[in-house]
Amino acid sequence: MTPQQIKTARLQLGLSVKEASELFEMDEGDIKRIDRSEKFSTHRKPPVRFIKLLNAYLSGYRPSNWPH
């Protein structure tokens, strides 16, 4: 997934950066760096587990700590 696809998916799920950081057990700054375009030197490639969880959430899975 591209950074734009990741950000779009996060927003489609209604997750703020803070909520996503809690669900993915990552620092808010890491979520922002993953959302950021690859053109920026501060961009971070997402961990494989991040993409797997994001796809599960997009498919309808909701963990017990889902923010909504």
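So, H68: leaving out residues up to four places away in sequence, H68 touches L13, G14, L15 and E19, where a contact means heavy atoms within 4.5 Å. H68 sits in the segment after α4, the helix at 48–58. On helices in general, they are DSSP runs of H or I with at least four residues, strands are E runs of at least two, and both are numbered from the N terminus. H68 and L15 are 53 residues apart along the chain, and their C-alpha atoms are separated by 9.0 Å. H68 counts as exposed because its relative accessibility is 60%. The cut-offs there are under 20% relative accessible area for buried, over 50% for exposed, and partly exposed in between, with a 1.4 Å probe and protein chains only.

Quick word on where this comes from. This is a predicted model, so local features need pLDDT of at least 70 and side-chain atom pairs count only at pLDDT 80 or more, while totals for chains, interfaces and linings use all residues. Residues are numbered from 1 along each chain as its sequence is written, and side-chain values use heavy atoms, with hydrogens and water left out.

Okay, the overall picture. The chain has four helices and zero strands, and along the sequence that reads α-α-α-α. The C-alpha trace spans about 35 × 20 × 20 Å along its principal axes. What about the radius of gyration? For 68 residues a compact globule would come out near 11 Å, and the chain has 11 Å, which agrees. That radius is taken over C-alpha atoms, and the globule rule is 2.2 Å times the number of residues to the power 0.38.

As for burial, 38% of the 68 residues count as buried. The accessible surface comes to about 4,400 Å², and 49% of that belongs to carbon and sulfur atoms. Those areas come from the Shrake-Rupley method with a 1.4 Å probe, and for residues only the protein chains shown count as cover. And if you take contacts between residues at least 6 apart in sequence, 56% of them join residues at least 24 apart.

Now the helix packing. How do α1 and α3 cross? Helix α1, residues 3–12, and helix α3, residues 28–35, have axes that come within 7 Å and cross at roughly 125°. That makes α1 oblique to α3. For the geometry, axes are lines fitted to C-alpha atoms, for helices over the stretch in contact, and angles run from 0 to 180 degrees between N-to-C directions. Under 35 degrees counts as roughly parallel, over 145 as roughly antiparallel, 65 to 115 as roughly perpendicular, and the rest as oblique.

Who makes that contact? From α1 you get P3, I6, K7 and R10, and from α3 there are I31, I34 and D35. By class, the residues of the α1 with α3 contact divide into four nonpolar, no polar and three charged. Nonpolar here is Ala, Val, Leu, Ile, Met, Phe, Trp, Tyr, Cys and Pro, charged is Asp, Glu, Lys and Arg, and the others, Gly among them, are polar.

Let me zoom in on R10, which lies in helix α1. Is R10 buried or exposed? R10 counts as buried, because its relative accessibility is 8%. Not counting residues up to four places away in sequence, R10 touches L15, S16, V17, A20, I31 and D35.

The other pair is α2 and α3, which pack at an angle of about 110° with their axes 8 Å apart. The two are therefore roughly perpendicular to each other. On the α2 side we have V17, K18, A20, S21 and F24, meeting E28, I31 and K32 in α3. This contact of α2 with α3 has four nonpolar, one polar and three charged residues.

Phi of E25 is near 55°, a positive value in a residue other than glycine. Most residues other than glycine have a negative phi. E25 is exposed, at 70% relative accessible area.

Last stop, two serines. S37 is in the loop between α3 and α4, and is partly exposed at 28%. Beyond residues up to four places away in sequence, S37 touches P3 and H43. The C-alpha atoms of S37 and W66, 29 residues apart along the chain, are separated by 27 Å.

S64 is in the segment after α4, and is exposed with a relative accessible area of 83%. Its C-alpha atom and that of Q4, 60 residues apart along the chain, are separated by 27 Å.
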